[in-house]
Amino acid sequence: MKIILLFFAVLSVAGAEVRTMTLRQAIELAMKQSPDVVLARLDQRKAADNVEVARDPFVPKVWGGSGLAYTSGYPSSIDGAAPSIFQARTDMAIYNRPLRLQVAAARENARGAAIDVQSKQDDVAYRTALLYLDAGQSAHNVEAARRQLEVLERVQESVRLQVGAGRALDIENQRAKVDVLRARQRAAAFADDQVNAETSLALVLGFGPDDRVRPADGDAPSLRTTATEDELVTQALSNSNDIRKLESQMQAKGLEVRGYRSARLPQIDLVAQYALFAQHNYQDYFRRFQRNNGELGVSIKVPLLVGKASYAYAAEAEADAAKLRTQMNATHGRVAADTRKSYAAVRTAEMARDVAKADLDLARDQVSIDLAQMGEGRTPLSRVEQTRFIEDEKWLVFYDAEHAVERARLDLLRQTGTLLAVLK
């Protein structure tokens with residue numbers, strides 16, 4: 001049997017690298033190389049670049065070059081400037097309300113991108129912790145199933161001896177054999193669940209599909225919270241990334257509306273130009289000639305007739321803002337309801353865990369009693385093995401109940417927006 005178990009173990013890890021990590025190590029690694037977090041950070045960088053693009057009209061720019069040209073007769077204008085050996089010009093927006101509001105909207109969008117990064121980090125941390133707990137639960141199940149299999153194998157050997165001695169019917173041997181086969185099937189299923197959980201954990205951390213991440217022994221994170229239900233709801237509403245993102249979108253839409261409405265405001269630009277003229281032909285046509293020429297001033301544009309497009313765009317943006325306000329109200333209610341639901345789920349899971357723990361303690365006490373009676377010769381070995389099997393079954397139920405409690409607590413921390421702070 002040991003050879004068979006070793007064979008399956010070798011097959012399960014062939015070609016895979018198993019990494020053992022604590023939960024904090026897994027969370028830190030997920031924050032660094034999780035694909036979802038990396039993509040969100042790239043979007044954040046793109047939003048920051050859009051801010052620089054929007055600010056560009058307010059940054060002075062200088063162009064230099066030559067407008068040198070051969071002239072015959074009157075020195076005519078080329079692109080609005082006289083032919084020159086060297087010329088330089090600059091321009092910059094000084095007052096442009098629509099463009100200034102576009103810069104503010106771009107900054108708000110960049111803040112929204114940062115909120116998206118935080119949201120992705122929270123989601124990745126939740127999935128990582130959930131898979132970490134699943135992997136640990138699978139390891140507990142495999143261990144309990146292994147103990148059950150060993151007990152049933154001893155029972156099968158005992159029944160075989162009894163049948164050989166004529167003290168039991170052959171059907172009892174067949175029944176023991178079926179129990180062993182069923183236990184082996186169960187142990188193999190738990191082993192597959194462990195491999196799948198460890199592989200899924202490796203994938204969310206950015207490793208390859210052939211790698212596995214195994215929880216470190218004894219690394220049980222404390223996910224308990226002492227806050228009341230109302231306090232948790234308040235935390236959830238203040239920390240909700242969904243609400244913060246909707247608030248940012250509403251701010252951006254408000255700036256967009258103001259930008260469209262400011263289309264009728266005047267615009268002022270700084271303009272400056274310098275040109276070095278050649279002497280050829282200029283002295284023949286102008287009474288006073290000067291080679292170095294420059295100008296510095298402002299260009300003022302006052303919109304007189306802007307059309308209806310700006311009003312239509314503003315109306316569209318206001319409709320979008322109204323939709324966002326509706327979504328905001330619905331999200332407030334959803335976040336509060338989900339938090340209260342998660343709080344109730346934690347209490348229900350904890351009560352189920354307490355029942356499973358009491359049932360396990362009862363089974364363990366029964367094993368102690370049977371062992372004492374077997375030492376006195378009042379209880380057969382088969383009875384002790386049976387109670388041990390029941391104890392292992394109660395361990396499985398307790399592991400499931402404890403796992404349900406940890407999952408419920410994780411979900412509650414995720415709802416309140418404090419999961420990442422607790423896990424780190």
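A residue is called buried when its relative accessible area is under 20%, exposed when it is over 50%, and partly exposed in between, using a 1.4 Å probe and protein chains only. By that criterion, the buried residues of helix α2 (residues 23-33) are Leu23, Ala26, Ile27, Leu29, Ala30 and Met31. The structure shown is a predicted model, in which local features need pLDDT of at least 70 and side-chain atom pairs count only at pLDDT 80 or more, while totals for chains, interfaces and linings use all residues. Residues are numbered from 1 along each chain as its sequence is written, and side-chain values use heavy atoms, with hydrogens and water left out.

The protein chain has 424 residues, of which 36% count as buried. Its secondary structure comprises 11 helices and six strands; these are DSSP runs numbered from the N terminus, with helices (H or I) having at least four residues and strands (E) at least two. Contact here means heavy atoms within 4.5 Å. Among contacts with a separation of 6 or more, 81% are between residues 24 or more positions apart.

Helix α4 (residues 97-164) contains Ser138. This serine has 9% relative accessibility and therefore counts as buried. Leaving aside residues up to four places away in sequence, Ser138 touches Asp193, Gln194 and Ala197.

The axes of α4 and helix α5 (residues 170-204) come within 8 Å and cross at roughly 165°. Axes are lines fitted to C-alpha atoms, for helices over the stretch in contact, and angles run from 0 to 180 degrees between N-to-C directions. Angles under 35 degrees count as roughly parallel, over 145 as roughly antiparallel, 65 to 115 as roughly perpendicular and the rest as oblique. The helices α4 and α5 are therefore roughly antiparallel.

On the α6 side, Glu229, Asp230, Leu232, Val233, Ala236 and Leu237 meet His332, Val335, Ala336, Thr339, Arg340 and Tyr343 of α9. Seven of the residues in this contact are nonpolar, two polar and three charged.

The strands remain to be considered. Four of them form an open sheet in the order β2-β3-β5-β6, with antiparallel pairing; two strands pair if DSSP finds at least two bridges between them. The edge strands, each pairing on one side only, are β2 (61-65) and β6 (292-301). From one strand to the next, the twist averages 15°. Five bridges join β2 to strand β3 (residues 86-95). Within β3, Arg89 is the bridge partner of Trp63 and Ala88 that of Gly64. Nine bridges join β3 to the antiparallel strand β5 (residues 267-276), where Val271 is the bridge partner of Asp91.

How values were computed. Ala, Val, Leu, Ile, Met, Phe, Trp, Tyr, Cys and Pro count as nonpolar, Asp, Glu, Lys and Arg as charged, and the others, Gly among them, as polar.
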